Every structure is written in structure tokens, then in C-alpha cells.
Amino acid sequence: MKVLVIGGGGREHALAWRLAQASRVSRVYVAPGNGGTVSDERYDCIDITEPAALREWAIQEKISLTVVGPEAPLAAGVVDEFRAHGLRIFGPTQAAAQLESSKAFSKAFMKRHKIPTAEYEAFTDAAAAHAYIDAKGAPIVVKADGLAAGKGVVVAMTAQEAHEAVDFMLVDNKFGVSHNDGGARVVIEEFLQGEEASFIVLCDGKNVTALATSQDHKRLLDGDEGPNTGGMGAYSPAPVVTAEVHARAMREIILPTIRGMEKDGIPYTGFLYAGLMIDATGHPKTLEFNCRMGDPETQPIMMRLKSDLFEVFWHATDGTLDQVELQWDRRVALGVVMAAHGYPLSPRKGDRITGIPAEAPDAVVFHAGTTMQDGDLKTSGGRVLCVTVLADSVKLAQQRAYEVAARVRFDGAQYRKDIGFRAVHARNAPQA
């Protein structure tokens with residue numbers, strides 16, 4: 001079987017890596033891929049990104065299964081395009097992907113179906129948004145309605161920060177937001193206290209299978225300081241997601257979402273990622289939905305997955321996910337993102353990367369913002385690499401990951417030194 005993974009980031013590298021190990025897979029193609037996949041004989045990189053052109057190529061190459069990594073192709077309708085021509089593809093339709101591509105759609109959906117989330121209002125008018133902030137005060141959260149590559153959320157601890165965020169998103173578009181129909185829009189919502197976790201499931205339209213729990217680190221600097229990013233590291237499992245929290249998230253958030261989408265005439269297939277805020281009493285609320293796996297959560301999750309990923313996706317595209325029981329490595333997986341100089345606002349490109357060690361059974365360096373130029377590996381994006389390891393505890397995984405990261409070199413490299421710190425201090429035993 002030939003498999004196509006759409007995307008070029010660390011998430012797609014990790015998916016391709018795991019799919020390449022599947023017994024029935026003869027070849028893994030990545031479109032467009034990155035410096036890590038293009039220089040690895042296990043993969044073929046295809047420089048096509050437009051949905052119709054990808055579909056034509058997939059028919060010509062007799063691709064058996066396509067998996068969509070990032071949000072942009074989903075929002076562009078790549079799943080609809082492939083399915084219309086009888087191709088097997090895992091991901092949500094363009095209409096279903098609005099759960100991520102439009103924050104306003106997502107919040108209205110949650111309100112309509114009584115899914116726990118923060119109170120909010122949506123605005124297209126900057127003056128009205130500023131007045132709302134003045135009325136509510138800080139801390140408060142400002143979100144761009146459209147896709148912004150993980151950078152369209154500002155957790156404003158002061159009213160001034162919130163006002164600046166509104167101007168960035170509605171007036172200047174400094175975050176490079178892809179606006180939806182109707183132009184620039186922001187969602188402003190209440191600030192929720194608690195601990196975040198990433199709750200990611202696979203859906204086939206009716207059945208749901210949960211992946212291993214994980215926790216992302218959104219802020220740039222140690223101790224969760226600095227600006228929000230697309231994610232500076234992650235680990236799995238996440239102790240904050242106890243068995244009780246897991247059951248509650250499935251019962252109150254995930255299943256009502258799948259049933260609600262079906263009721264609204266938009267059956268949901270693909271990855272569904274609920275960003276949860278879990279309060280001190282163990283009650284989760286939905287911060288956001290993503291219609292894909294998280295990045296960098298995918299890297300540690302794929303390191304822990306023992307099941308044949310191709311067979312899992314085959315069941316998911318057959319509507320038989322209820323026949324799947326995922327198997328996980330009992331060890332902790334932890335990934336540290338190495339980012340470019342100037343990330344997140346203005347990442348520098350073109351710095352030469354050296355010192356990446358060979359892949360080991362317990363350590364893989366997944367590529368994201370990398371490219372090959374004249375035989376040299378160079379930086380080409382904000383988040384450059386994700387150093388991902390397996391170990392018997394979070395503490396040991398931290399030590400191992402930072403040992404590997406210390407060997408990798410590129411000018412201006414920045415990375416957090418405390419990935420997994422919450423789990424190190426957690427009193428709860430890790431869950432699956």
C-alpha cells in the first residue's frame with residue numbers, strides 16, 4: 001500500500017515515521033515534506049500543495065490512503081476533493097473543519113450544544129471590542145477568528161495587552177491571520193484558571209477512539225512566561241488527565257461534539273483535538289477545537305504508539321473504529337522544540353543546522369522548519385526541530401531530551417529548559 005501524508009511540519013514527519021513502520025505500507029509520500037523527510041530514504045517528498053493537483057497525483061500514483069496533517073488543506077477542502085473522486089482520506093470535510101478554521105463558528109456550536117467552554121462574544125468592529133474589554137477587565141483572552149498557525153491567541157493579563165491584541169488582529173493583522181468570509185473578526189472570552197491538557201481522539205463519523213493524553217507548553221519561555229507560540233514542547237501521558245477527567249471529557253465534550261456535528265448535518269471524521277482547561281476540582285472546559293493532531297503533541301504520542309498506525313487509519317476510513325484498541329508504550333515520551341532566532345514574531349531563516357544525532361530506539365529528532373540547500377540542512381521556519389525521547393519517568397525523559405538537544409547546533413537556537421515541569425511536580429500517577 002502507498003500512503004500520502006499531507007503537510008511539512010514536525011507532526012507530519014512523526015506521522016510519516018510511524019506509518020513507514022506499518023507492515024502493509026510499501027511507500028510513504030509526504031507533500032511537501034521538509035529537510036528531514038527529503039533526506040531520508042524512507043520517504044518520497046512531493047512538491048505539491050494545491051488540493052486538486054494533489055488529488056490528480058494521488059490517482060496517478062494509486063495512493064491507497066491519504067492522511068492530512070495541518071489545518072490549511074482541511075480548510076481548503078482537500079478531504080472533499082479526494083472523496084469526490086473515490087479516494088480514501090482521513091480528515092474532516094471543509095464544513096466540519098470550521099470547528100478550527102472559525103473560532104466564532106466553534107464557540108457558537110459549543111453554546112448551541114451545551115458543551116462546557118468559556119463565556120465569549122465575537123466582534124468585527126474594533127471599537128466595540130475595545131469597549132467589551134473595558135467592561136470586562138483583565139485577565140481576558142483574545143482570539144483571531146481565522147487560522148493563524150497556532151499564534152492567533154493572546155492571553156492578556158492586562159487590559160492594555162488585550163487592546164493591543166485586538167488592534168493586531170482586527171486592524172494591522174500582525175499575526176498573519178487567514179480571515180474567513182465577512183473579513184477580520186475576533187472572539188473575546190473569559191480567562192479560565194486551571195491546567196491545560198491536549199485531548200486528541202480519532203473519529204469515523206460515529207465512533208471515537210482516544211489517543212494517549214498529552215500536555216503542550218504554549219509559552220516561549222521557562223515557567224510559562226513570554227508570548228504564546230504554536231507549542232514549545234510536549235509530553236505524554238499527562239498526569240492532570242486522571243481517569244475521572246478522561247471520562248468526563250469524553251462524556252461532556254467529545255461525544256456531544258460528534259453527536260452535535262451529526263445533528264447539524266456535518267458528520268465529523270478525522271482527528272479531533274480538544275484543548276482542555278482543567279480546574280482545581282477536575283472539571284474540564286473546552287478552550288478550543290483543532291481538526292488535526294497537535295504539534296508538538298503528535299511527536300511524543302507517535303513515539304508511544306505501539307499499534308500499526310496504517311491499520312488504525314484504515315478502520316477509521318471504513319467507519320469501524322469501534323474495532324480498534326490502541327496499544328501504548330508504558331514509558332513517558334517527551335519532546336523539546338528547538339525554535340529559530342526571533343520566533344514567534346519574526347523567525348530567522350537560513351541558519352545552518354549541524355549535530356543532529358542518528359535515530360535511536362528511544363530518541364528521534366523530528367524536523368519541522370528545515371530545508372536542504374546545496375547539501376546543507378538549514379532553518380526555514382519558526383519551530384525547527386522537536387527532540388523526542390522515551391524514558392521510564394518524566395525526569396529521565398527530560399534529562400535524555402536535553403542531552404540530545406545540546407548536541408544540535410544552529411545560530412540563534414532557542415528552547416525551553418523545563419518541558420514536563422508540571423508532571424515532575426504532579427502528585428497524581430500518570431494515566432494513559
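Which residue in β2 does Leu 4 stand opposite?

Leu 4 stands opposite Tyr 29 in β2. Strand β1 covers residues 2-7, and five of its six residues are buried (buried means under 20% relative accessible area, exposed over 50%, partly exposed in between, with a 1.4 Å probe and protein chains only). Its parallel partner is strand β2 (residues 27-32), joined to β1 by six bridges. Strands here are DSSP runs of E with at least two residues, while helices are runs of H or I with at least four, numbered from the N terminus. Two strands pair if DSSP finds at least two bridges between them.

Keep in mind that this is a predicted model, where local features need pLDDT of at least 70, side-chain atom pairs count only at pLDDT 80 or more, and totals for chains, interfaces and linings use all residues. Residues are numbered from 1 along each chain as its sequence is written, and side-chain values use heavy atoms, leaving out hydrogens and water.

## A four-stranded sheet

Next up is an open sheet with antiparallel pairing and the strand order β6-β9-β7-β8. β6 (120-123) and β8 (153-156) sit at the edges with a single partner strand each, so one side of each has no neighbour in the sheet.

Inside it, β7 (residues 140-144) and β9 (residues 186-190) pair over five bridges in the antiparallel sense. Lys 143 stands opposite Val 187 in β9. Helix α9 packs on this sheet and touches β6, β7, β8 and β9 (contact means heavy atoms within 4.5 Å).

## Helices that meet

The axes of α8 (residues 126-136) and α9 (residues 159-172) come within 10 Å and cross at roughly 160°. Axes are lines fitted to C-alpha atoms, for helices over the stretch in contact, and angles run from 0 to 180 degrees between N-to-C directions. That's why α8 and α9 count as roughly antiparallel (angles over 145 degrees; under 35 is roughly parallel, 65 to 115 roughly perpendicular and the rest oblique). Among the residues making the contact are His 130 of α8 and His 163 of α9.

Helices α1 (residues 10-19) and α12 (residues 309-318) have axes that come within 8 Å and cross at roughly 105°, so α1 and α12 are roughly perpendicular. Here Leu 15, Arg 18 and Leu 19 in α1 meet Leu 309, Phe 310 and Phe 313 in α12.

## A buried glutamate

Glu 100 lies in helix α6 (residues 98-101). Glu 100 counts as buried because its relative accessibility is 4%. Leaving aside residues up to four places away in sequence, its contacts include Glu 71, Phe 289 and Arg 292.
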